[in-house]
Amino acid sequence: MTRYIIRRLLLAIPVLFMVTVLVFALIELAPGDVVDFFANPEVMAGMSEADLEALRERLGLNDPAPVRYLHWLGGVLQGDFGYSLIRSEPVGELLLRRFGNSMMIMGIGLFVAVTFGISLGIYTALRQYSVADFTISFLSFVGISMPAFIAGILALYIFSVQLGWFPAGGMRSPGVHTLGDLLHHLILPALVLSIIHMATFMRYTRFSMLDVLKQEYVVTATAKGMPRRIVVMRHAFRNGLIPVVTMIGYSIPELVVGAVFLETIFSFPGMGKLYFDSVISRDFPVIMAANLVIAVFVLAANLITDVAYAAIDPRIRLE
Amino acid sequence: MSPLHGNAGGTALGRKLLATTAVALTLGLAGPALAGGSLVTALDMGPGGDEDARPWSSGAGHTTHVKQFITPTIFNEDLSEIVPYAVESWASNDDHTVWTYTLRDGLLWSDGTPMTANDWAFTAEFMTAPDWGGDRPGDRNLSLSEVAGFDAKTAGEADSLDGIEVIDDRTIRFTLSAPNPRHFASLFRFYILPEHAVDFEPADFMTTDWFRDPSRFVGSGPFVVAEYAPDEYMTLAANENYFQGRPALDELVIRYFGGDQTAALLALEADDIDFTYVTETDVPSLEDDYDIFSNLSGVVVMTRFNYNLVDDAFSDIRVRQAILHAIDRDAITENILGGTYVSIPCPIPYADLWPEDVVTYGYDPDRAASLLQEAGVDPGSISMEWVGHAGYDNTAHNSALQAVQAYLSQIGINDFSYRFVDIPTFRASYSPDGDWQNQYHGFGVPRFGNDVGRLWSNGGALGTGVTGYDYDADGFAEAVAAISAAPTIDDYNAALGDFCRLHAEMLPDLQMWVGNRFGAADPSIENFWWQPAPAGGPYQDNAHTWAVQ
Amino acid sequence: MAMTEVTIDSPAKVAWRRFRQHRIAMVALAVLGVIVILCAFAPFFSGYDPLGLNMAAIRQPPSADHWLGTDTLGRDIWTRTLYGGRVSLVIGLAAAFLSTIIGIVLGVISGYFGKWADMVVMRITDVVMAFPPIIIMLTVAAFTGPGLVNVIFIIGGLRWPPTARLVRGQILQLRDQDFVTAARTLGLTNAIIITRHMLPHVVAPLVANITFAVSLAILTEAGLSFLGLGVPLPTPTWGNMMEAARDLRIMREEPWMWIPPAIFTLTTVLCINFVGDGLRDAFDPQQLIGEK
Amino acid sequence: MAAQLLLSVDGLTTSFGRGPDKVRAVADMSFDLAEGEVLAIVGESGSGKSVTMRSIMGIIPMPPGVIESGTAFFDGADLLAIDEENLRRLRGKDIAMVFQDAMTSLNPVLTVGRQITEVLEEHLGMTGKAARDRAISLLDEVGIPDAAHRIDEYPHQFSGGMRQRAMIALAIACGPRLLIADEPTTALDVTIQAQIIDLVVGLQTSHDMGIVWISHDLGVVARIAQKVIVMYAGRVVERATVEDLFDAPAHPYTIGLLASLPRLDQEPGEHLDSIPGQPPNASSLPPGCAFAPRCPLATETCRVEVPPVITVGDGHHAACHRLDEVRRREGRLPWT
């Protein structure tokens, strides 16, 4: 097992390297560069092509691509991620803050989605084709049938504007630094987020539970006189974990990828919005660094999932 | 303040709407202005805003900058003229090449230090340092490029600006490299920085956090930075030493919404904030609960299709005239753009400047068809592919474009597609070698200011110097030159009129409509004032008089 | 002493017979059929032109001549929802199908063959997963431009990692079980072992996956228009019609513009899910053996 | 010397599904089992033998399964009537079950030890080390070598025989008074089969358990059971002591089963009779005697009337209209 993990960690290095090369290539291929972003027609007053060229020169954008990449890589290896060209802020600090925010909201959202999703999945599996099964499936699907942006607007309109239960977006009330205020801001977006993700976990759990509940060893567990809860959880659910674990593993990177549409409508400064803004402004230091962190999370999540497979099912061997 | 002077003409509804806002304002609730309290706003929301900016760099966000720093001159309340602000008076020699400015008496920085002409000179030298780190030199060029020695200083050949000379604590003299009858009109974005408090180098201009760190920040505007939460909000505290008196508010909070207007509007309706920029389609449903602000004089957003004239399909003027005749612009502005837009005959968005005899192209599909026949062009062969940037990807503009599409297909032009893309892609869609697509975009043109040249340049609005026009008709360059050299305001307006007439005849690009931009404020705020100034102003909004009940 | 005549039904026949007993799945199939017919033969169900401008009927609520009202250009919402369905269903099903096929193939390769194959395929999956879709879509959009086929390939080409990992997880679990070893001892080729013996076990999570892939594809298409990649207007799709709700005025005062496409999307996804439920039960290998 | 009655089942009827596709798996099944006695239930697959005992244990999936009628008294309580919680407390403690294929009946993701200790914890309240030691001794008792290590291994690491032994250890963990063995040796080869049978017989005497042994292998039944019940299409066709059944089978179906058994005292290549036709499809049972279509002596009454249970001797009953004819032919029937 540990030999396998070490090999996977060693393999991660070339993969991360390749990710950074690919991201750099993608940014290069995308039309226009960060200086073009500055030349936004709205605020063009007083800038000439010569100014733009001077800026391009100063940012080193005229150097050939490999040189720029190696320059960036050199910096990263010494822990210097450089400055965001748009937000005039060190990339390290910027990412730390935005990742933190995303982890908070996505963490709560996904946690609620996983716990409710799985328990509802089991509940509906035990009552297949009952009225409860139908209604819960119907409600869970409402979540994934609407663009996240619209779901966000509706939630804000109903719960903030009409009912006034929650603040309308943002992360904190200006000047207030209490946990209570922060949570008060987090509840609504995290809830919308969890509703959107809950359907996923619910369906996968339900499907795999339906599969497992038919197995002989579940009958044996009942024949052994074990309480229903243990029969369902220890015997049935544990055997149905593989697809569920796969989906949880797949959603771990979302902790850092964030949810751009939700963050936009809830004006929540998370990673999704930052990544989106950086891509459309070609702010390559931020894009490169963000992608590196996302890649690390993806590799970690996939490794955890694979190890979890072996832990869950002894028959799976990690070679 | 003459409410309707110089306002865009056009449809009755457009005029009616603008009139009502004026009336709502003059009434102004009479209640006593209570001192203290906090006002939470989304001041820098909307196309003119920039939520993360610092003065002298982003070319936008001036509504916030002017809260922190004062400028020598500034737009008046309805942006119809540029008036003195930090300066008391100015004088120029007869050929307008030497200008002498006198600061008001008793100006103080927020830390009590007196503001002198030395601060002004220091700022000029600081901003023209060869290694100045600012990312967008727009404001700097606007404020200083006319000063003698600017090119030498910025190129590093000289270590100081020849054209700047401090006479005494309150007087400074500018020597220009070329005559400018309205040099004072180039200083409305010259944010003077405190020489004694600026502890960072010009090269670190973009990376310093001086502008956001309450312990190091020293300003001269009505407010000073009290707290900055990146991506969330900036809290400004009252500046005791503001020369127009301590503001009524204790605190002015500017909340950031990542540029999303819907998020800001929801916050307004949930009473979390008291003011925000709103899109034109939302105005009708907000009118009765909120005070609606919109531009009274220099109307703001002019939208147009830029032709790629290199593409010979459009080189024949009759084709361009046919296209304009084919589109019922009044019906679109009246019904689809919600009546807050008016169609325009030329790129001058001020109706009072349109000459009586300007050529206009009313909706006349038959005329359009016959023009195409005359030009021997088969409408089916015309391919129009428009690119716009995401700033215009909203219901109003999307609907308007689809309406244009429908009208054009009625005269046989079916190959019409458009898409909104991000700004770098939008800019990259224009390439000097001429194979660029046509562009649909709008931009604000201040009534005054030296970049009038932008009025007729296109090519992705690259500003002066680069024009997409390979249009060799004479008369354009002279018309623009006449505008910038016009000594008096009447000559200035007349020159604009001539340009408008010439443009309407030549039709180098397709002028569509001009609309207003709107802000909605909670009625409980007193003396509040906001204008969708072109590219954010700055203008006199008397923030020190704002008060909450 | 008559011999009772016993015929052995083919699995498909048995499956269809058992599927028919599945009331919810049959209803779902019927509703799905109705939606597909309505959209495919839209011209029969509505006389209006989905793209035509009608200045006289702008922003009208549902009325006798416009059952679901009109949009900001006076176009009939009922008509646009049907025509929009054509595009959205094609994108949804095609993209889902594409991503599922890629996912199954790669999942099987890495799960069944293991060792090097697994390592290579999984690292490719890692790399693809490490890219938020936006950066890939943006660059591809610049080269390919908008259009239905590009959208399908982009959405389909980016959504296969979850399927691949899911299939791999299941295959890993089945690979060492006795019935697979037994099949190998019978000299069956890998292809047969995989398709006939292992894949039926994967049907259950796959069906769930397809359901999501379809709804995700329909909704992602809308998001793409923000990048200038989605199906260009004025062609309606459920996605871009729902996006109209970004405008607060439409969202709260003119809901008839965005609710119909939302209901159609929801119904379609629900039906696909319940048909999937029915299919899963009908083809469930356990069920067949269980009939002692 | 009537031994204490352990289990008494009367008129048990279990069916699956509803309406047109309703399947009656067990019809009017009655039998008794005394303490320390081994009763075998024999029949082809689909005859309802397994459903009978699973109905009594209450582990058939309901729906679609339905226990239409009948009683099953154990220790004075009717297992079919008491509420689920009380029945659950009996399961695994007083009544235990061993299944046919331990590979699918043991939980693949739990160690064998855990699957035993959980029963001890649930029913006997044993915890930690005590439960573990008890589990190790159980594994020893059923003949699994090196039990101390094997306890932490998983079912797929056990051989077929070992898994079956683990299953049995699991069943006897709480010292049940009734053991239901549902074809425990069918999946094993003959040599292992014999070891398992000896093991069960040994445990039965040492733990004084009553055993219901379900099988379709008459050879096994002969070795282990005192009383036998033959089932066909959900009904009891013959009930007798093992001696009477082998010496004087009364029902044509029993005779047919015995006739198809290879015997040591036969010449190689000698023709074996076999029962023609297929077991009936439970969803479309013919009226009258279900065996009629395959019975060489079937008459019109057999095809119309359900045969009553007739007493043939002491504790020997059979449900057939043609018992006299069978006796007249001294058990030799024209099978071809």
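1. In one salt bridge the side chains of R165(C) and D306(A) meet, with 2.9 Å from N to O. Five residue pairs, both residues at pLDDT 80 or more, are in polar contact across the interface of chain C and chain A.

2. The elements of chain C that give two or more residues to the side touching chain A include α5 (115-129), α8 (160-175) and α13 (259-282). The element that gives the most to this side is α10(C), with eleven residues. When the residues of the side of chain C that touches chain A are sorted by kind, they divide into 34 nonpolar, 16 polar and 14 charged.

3. The extent of this interface can be stated in residues and in area. In contact are 64 residues of chain C and 67 residues of chain A, and the two chains bury about 6100 Å² between them, with 71% of that area on carbon and sulfur atoms. Within chain C, the residues that lose the most area to chain A are R165(C), Q173(C) and F212(C), which together make up 10% of what that side buries.

4. Chain C also touches chain B, and here the contact takes 24 residues from chain C and 27 residues from chain B. The area buried between chain C and chain B is about 2100 Å², and carbon and sulfur atoms give 55% of it. On the side of chain C, M55(C), L233(C) and L248(C) supply 25% of the area buried against chain B, which is more than any other three residues.

5. How many salt bridges are counted between chain C and chain B? The count is one; E269(B) forms a salt bridge with R252(C), and their closest N and O atoms are 2.4 Å apart. Eight residue pairs, both residues at pLDDT 80 or more, are in polar contact across this interface. The largest share of the side of chain C that touches chain B comes from α12(C), with five residues, and the residues of that side divide into 13 nonpolar, three polar and eight charged.

6. R170(B) and E88(B) meet in a salt bridge of 3.1 Å, N to O. This pair links distant parts of the chain, 82 residues apart, since R170(B) lies in the loop between β6 (164-168) and β7 (171-175) of chain B, whereas E88(B) lies in strand β4 (residues 87-92). R170(B) counts as partly exposed because its relative accessibility is 27%, and E88(B) counts as partly exposed at 45%.

7. Two further salt bridges belong to chain B. R173(B) pairs with E165(B), the closest N and O atoms being 3.3 Å apart; R173(B) is partly exposed at 28% relative accessibility, and E165(B) is partly exposed at 40%. D209(B) pairs with R216(B), with 2.7 Å between the closest N and O atoms; D209(B) is partly exposed with a relative accessible area of 41%, and R216(B) is partly exposed at 27% relative accessibility.

8. A caution concerns confidence in chain C, whose mean pLDDT is 82, with 91% of its residues at 70 or more. Over residues 288-292 of chain C, however, pLDDT stays under 50, and for these residues the model has two contacts beyond four places in sequence. Where pLDDT is low, the predicted coordinates should not be read in detail.

Conventions:
Residues numbered from 1 in each chain as written. Chains lettered and ligands numbered in written order. Heavy atoms only, no water. Salt bridge = Lys/Arg side-chain N within 4 Å of Asp/Glu carboxyl O. Helix = DSSP H or I, 4+ residues; strand = E, 2+ residues; numbered from the N terminus. Buried < 20%, exposed > 50% of the residue type's maximum accessible area, 1.4 Å probe, protein only. Contact = heavy atoms within 4.5 Å. Buried area = accessible area lost by both parts, 1.4 Å probe. Polar contact = N/O pair within 3.5 Å; in protein donor to acceptor, adjacent residues only side chain to side chain. Nonpolar A, V, L, I, M, F, W, Y, C, P; charged D, E, K, R; others polar. pLDDT = per-residue confidence, 0-100.
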